[in-house]
Amino acid sequence: MPARHWLALSLPWKRVPGNAGVTMATLFSNDGAEVVHRALPAKESSGRTPAEALDEFYELERAAAFVTASGFHRVALQFPDELLADSATVAAKMEEATGSKMYILGDTSYGSCCVDEVAAEHVRAEAVVHYGPACLSPCRKLPVLHVFGRQPLDTERCAGAFRELYPDPQSRVLVLSDVVYAHRLGELEQLLGPEYPHVVFSHLASDGAPDCPQGPGLVRQFGRLVAVAARRGLQDYAVFYVGAEGLALTNFMLSWNRCPFSSFDPATGCGRHESLDANRALRRRLYLVERARDARVVGILVGTLGVAGYLSVLEHLRDTLRRAGKRSYTLAMGKLSPAKLANFLEVDVFVLVACPQNSLLDSRDFYRPVVTPYELELACNPAREWSSLYVTDFRDLLPGGCAHVGFPDTVPGDVPDVSLITGELRAAGLSSSPAPASSSALACRNPELALAQISPAASFLESRSWRGLEQQLGQTPVTKAVPGRRGIAIAYEDEASG
């Protein structure tokens, strides 16, 4: 049997429930006792052996057929943190069934819902099997098989909650689900279909996207395919979501904010009308748009390297910012954190290019606000106007997309504008000309008229009082290496205990 290969594995940190007396020291560092004594949750018994339950949950037969049918010899298996415990067993079974090398990918570069093509290319994988919840964003290069993990769903209880929320049999309702419960929607449709003739069930577009019919009344968005019969499309429907509260539900509610939402949580078995104040959330996003209008320097954060079209939207954003008279810098730093972004003091606002679920980043804890590509276009493109529709998929903003709005051919000169945040007068330096092929800033650096390229970011760095660690080559004496301190930061061996 071929040897298994591991790549970048990490285990998630979790605080012990009910431990209110945790100190600041144990909040960031501990001795590992929590992991040793933590009790694993017991999986419910369904009359199957653990091996049979594992095969059904991870759909090993379908995954093995995907590998053998295409003749892949090197396959990457991508697991989220919560499923890493089963990764070695799944990889061993896949190698035994296919004879191919399996590489386990953990601790993904960005969100675990996206396919990590960069990590897969590091091991020269020919395909990726993505396990766990997924955003279903299309990939650029590698063929991908999604295995969501078949979570249990009590369809009888779910149907009962639906009847309580929608007692009128003539109600127009669209039924959506988290991807981990999509395998049970067929059974739910058999229970509700005879009673509710106007209920529509969504289907995953990834299951048969090339063969899906296209025409009037067909909505394909966020990896779902919905056939609606109403005249105004989804606006005439209420939405019933099967799944827990999370980014996927928030994304649906903001994008389809004209539809009333309700949900059923399979973990608790309860249904409810969703009370998210979509107007309040949109007002918060509109405030971020105003912050983007005030910004002079914008940082473009690369939040994905695998979603198709991300290079095109990066170029689109750079051109939009140049026409709006703003400077831009492109930053790729993996998973975002307030400490990382705080290093770029010259940036006034950041724009995150990521999948629809990871684009809605709550930036309250960040030093500078983080906006979406749609919000940046609202701030910079005078032809795009604010409406109740909200776009979270950046591919819709590109030419040919359903929400594309081109930059106007002719724009007025310096149009005076007043900031709604600072109250100061600002001038929008708009330009309708396309981006030049190349540009540079040149300056004379010595009397011999040698020219050097100057970066605005480097100029800002020169104005800082502290510029980071300096090598100081030849300015410090050479000394022999001596043993350093031993232990961890919480308690070095040479420090007195207590």
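Student: Which residue stands opposite Arg 220 in strand 10?
Tutor: Leu 225 does. Keep in mind that this is a predicted model.
Student: How many bridges join strand 9 to strand 10?
Tutor: Four. Strand 10 covers residues 224–227, and the two strands run antiparallel.
Student: What is the order of the strands in that open sheet?
Tutor: The order is 8-10-9, with antiparallel pairing. Strand 8 (203–204) and strand 9 (218–221) are the edge strands, each pairing on one side only.
Student: And what holds paired strands together, in general?
Tutor: Strands of a sheet pair through backbone hydrogen bonds, in parallel or antiparallel fashion.
Student: Where do I find parallel pairing here?
Tutor: Look at strand 6 (residues 173–177) and strand 11, which are joined by five bridges and run parallel. Ser 177 stands opposite Val 242 there. Strand 11 also pairs with strand 12 (residues 261–265), again in the parallel sense, over four bridges. In that pairing, Val 239 faces Phe 261 across the strands, standing opposite it.
Student: Is strand 11 enclosed or open to the outside?
Tutor: Strand 11 (residues 238–242) is largely enclosed by the rest of the structure, because five of its five residues are buried.
Student: Which residues sit on which side of strand 11?
Tutor: Ala 238, Phe 240 and Val 242 are on one side, and Val 239 and Tyr 241 are on the other. Both faces are covered.
Student: Why that every-other-one pattern?
Tutor: In a regular strand, side chains alternate between the two faces of the sheet.
Student: New topic. Which residues have the most contacts inside the largest nonpolar core?
Tutor: Val 298, Ile 300, Leu 317, Val 351, Val 353 and Leu 376. That core has 33 residues. Helix 10 (278–294), strand 14 (297–302), helix 11 (310–323), strand 16 (349–353) and helix 14 (373–380) each supply at least two of its residues.
Student: Take Val 351. What does it touch?
Tutor: Leaving out residues up to four places away in sequence, Val 351 touches Val 298, Gly 299, Ile 300, Leu 301, Leu 317, Val 371, Thr 372, Pro 373 and Leu 376.
Student: How many residues are in the other core that lies apart from it?
Tutor: That core has 26 residues, among them Leu 136, Leu 188, Leu 192 and Phe 264.
Student: Back to helix 14. How many of its residues are buried?
Tutor: Eight of the eight, so helix 14 is largely enclosed by the rest of the structure. The buried residues include Tyr 374, Glu 375 and Glu 377.
Student: What does Glu 375 form a salt bridge with?
Tutor: Arg 285, with the closest N and O atoms 2.5 Å apart. The pair links distant parts of the chain, since Glu 375 is in helix 14 and Arg 285 is in helix 10, 90 residues apart.
Student: Is Arg 285 buried or exposed?
Tutor: Arg 285 is buried, because its relative accessible area is 8% and the cut-off for buried is under 20%. Glu 375 is buried too, at 0%.
Student: How many salt bridges does the structure hold?
Tutor: It holds 15. One of them joins Asp 55 and Lys 93, whose closest N and O atoms are 3.9 Å apart. Asp 55 is in helix 3 (residues 50–57) and Lys 93 in helix 5 (residues 87–98), 38 residues apart. Asp 55 is partly exposed at 33% relative accessibility, and Lys 93 is partly exposed at 28%.
Student: Which residues are linked in a network of salt bridges?
Tutor: Glu 59, Arg 62 and Arg 150.
Student: Last one. How many helices and strands does the protein have?
Tutor: There are 15 helices and 23 strands. The protein has 498 residues, and 40% of them count as buried.

Conventions
Residues are numbered from 1 along each chain as its sequence is written. This is a predicted model: local features need pLDDT of at least 70, side-chain atom pairs count only at pLDDT 80 or more; totals for chains, interfaces and linings use all residues. Side-chain values use heavy atoms; hydrogens and water are left out. Two strands pair if DSSP finds at least two bridges between them. A nonpolar core is a set of buried Ala, Val, Leu, Ile, Met, Phe, Trp, Tyr and Cys residues joined through side-chain atoms within 4.5 Å. Buried means under 20% relative accessible area, exposed over 50%, partly exposed in between (1.4 Å probe, protein chains only). Contact means heavy atoms within 4.5 Å. A salt bridge is a side-chain nitrogen of Lys or Arg within 4 Å of a carboxyl oxygen of Asp or Glu.
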